[in-house]
Number of protein chains: 2
Amino acid sequence: MEQPTDEERADLVFNALADRTRRDILRRSMDGELSVSALARSYAMSFAAVQKHVAVLDRAGLVTKHRHGREQLVRTDMATVHAAQRMLDGFEAVWRARIDRFTDVLTPTHQGGAP
Amino acid sequence: MEQPTDEERADLVFNALADRTRRDILRRSMDGELSVSALARSYAMSFAAVQKHVAVLDRAGLVTKHRHGREQLVRTDMATVHAAQRMLDGFEAVWRARIDRFTDVLTPTHQGGAP
DNA sequence: TTAATCTACAACCAGATGGTTGTAGATCTG
DNA sequence: CAGATCTACAACCATCTGGTTGTAGATTAA
């Protein structure tokens, strides 16, 4: 199947981050030692529900699973967290670009930007 | 009604960002000059659909609306974009804290961290 | 004033989402 | 081996979501 585009990855990542439980799982999994059932014990919901949340994080690339015997250890992938930060930096960049374009009009150093 | 908690704001902001159309509206609205109907003309969907997307961005605080005659001008609120960046930085901070806690155990400069 | 434009909002629909329970396969432990 | 634990996955359900159309109120333009 096709590999996801930037926009598709943004969809997955921000959607995964848009849930309290998932953000908490993400924080807890930074130790990289917690099994799915260990995580599940922390929340007032079924094991299957937590399993689904982990699956959403996994699909977004925010977390990876590593089998260790019968349990599945969850570890957050900071690279994807950083990717999310860069996505927001992208907005910042667009914003600054418009500011620059604007001040450029106001300060005609060498007049006539567009032909 | 109650003002939203940090987690509630995170829910709203990340959820708002988890949609391609909304991210695009956010970028376009950095000029702060586009009316809802002007925005709507850019997308292959009804005016009402775009109106709903703007409403989601508005509820998240990512955008503000300003009446100008009969049209409603949309402007992105960079402060909330920055708030989102800080939320991600928060994850980063948790991660680094765990790293520090870990290396602290490995390098007992003045042994016995906890009493 | 009348017509056109912009907005708001309700009602509706199909599909996604977040939860549940139940079943079954692997793996560890006694 | 037998039992307990961990995981995977299907089926189900209520609610949310992203889209539609339609109606109505304001404001501008002719």
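This is a predicted model: local features need pLDDT of at least 70, side-chain atom pairs count only at pLDDT 80 or more; totals for chains, interfaces and linings use all residues.
Which residue in the turn of the hairpin formed by β2(B) and β3(B) has a positive phi? The residue is B:Gly69, with a phi of about 70°.

## The hairpin of chain B

The hairpin of chain B consists of β2(B) and β3(B), with 2 residues between the two strands. Strand β2 of chain B covers residues 63-68, and its pairing with β3(B) is antiparallel, over 6 bridges. One of the paired positions is B:Lys65, whose bridge partner in β3(B) is B:Val74.

## The sheet of chain A

In chain A, 3 strands make up an open sheet, arranged in the order β1-β3-β2 with antiparallel pairing.

Strands β2(A) and β3(A) run antiparallel and are joined by 6 bridges. Within chain A, A:Thr64 is found opposite A:Arg75 of β3(A). In general, the strands of a sheet pair through backbone hydrogen bonds, in either a parallel or an antiparallel manner.

## Two helices of chain B

Helix α1(B) contains 12 residues and spans 16 Å from its first C-alpha to its last, close to the 16 Å expected at 1.5 Å a residue. Its buried residues are B:Ala10, B:Val13, B:Phe14, B:Ala16 and B:Leu17. Viewed down the axis of α1(B), these buried residues fall within an arc of 155°, so they line one face of the helix. An α-helix has 3.6 residues a turn, so residues three or four places apart point the same way. The buried residues of α1(B) pack against α1 (6-17) and α2 (20-28) of chain A, and also against α2, α4 and α5 of chain B.

Helix α5(B) has 29 residues and reaches 42 Å between its first and last C-alpha, close to the 42 Å expected at 1.5 Å a residue. In this helix, B:Thr80, B:Val81, B:Ala84 and B:Phe91 are buried. Their cover includes α2 and α5 (78-106) of chain A, together with α1 and α4 of chain B.

## Where the two protein chains meet

The contact between the chains involves 23 residues of chain B and 23 residues of chain A. On the side of chain B that touches chain A, the elements giving two or more residues are α1 (6-17), α2 (20-28) and α5 (78-106) of chain B. The most, 10 residues, come from α5(B). By class, this side of chain B has 13 nonpolar, 2 polar and 8 charged residues.

## The surroundings of the DNA

DNA strand C is surrounded by 21 residues, and the closest are A:Ser46, A:Ala48, A:Ala49, A:Gly69 and B:Ser37. Two or more residues of this surface come from each of α4 (47-60) of chain A and α3 (36-40), α4 (47-60) and β3 (71-76) of chain B. The largest share, 5 residues, belongs to α4(A). The surface near DNA strand C has 7 nonpolar, 9 polar and 5 charged residues.

Around DNA strand D there are 20 residues, the closest being A:Ser37, B:Ser46, B:Ala48, B:Ala49 and B:Gly69. The elements that give two or more residues near DNA strand D are α3 (36-40), α4 and β3 (71-76) of chain A, with α4 of chain B. Here α4(B) gives the most, with 5 residues. The surface near DNA strand D comprises 7 nonpolar, 8 polar and 5 charged residues.

Notes
Residues are numbered from 1 along each chain as its sequence is written. Chains are lettered from A and ligands numbered from 1 in the order in which they are written. A residue is near a molecule or strand if its C-beta atom, placed from the backbone, lies within 6 Å of it. Helices (H or I, at least four residues) and strands (E, at least two) are DSSP runs, numbered from the N terminus. Ala, Val, Leu, Ile, Met, Phe, Trp, Tyr, Cys and Pro count as nonpolar, Asp, Glu, Lys and Arg as charged, and the others, Gly among them, as polar. Two residues are in contact if their C-beta atoms, placed from the backbone, lie within 7 Å. The expected span of a helix is 1.5 Å times one less than its number of residues. A residue is buried if 20 or more other C-beta atoms lie within 10 Å of its own, exposed if 12 or fewer, and partly exposed in between; C-beta atoms are placed from the backbone. The arc is that of the directions from the helix axis to the C-beta atoms. Two strands pair if DSSP finds at least two bridges between them.
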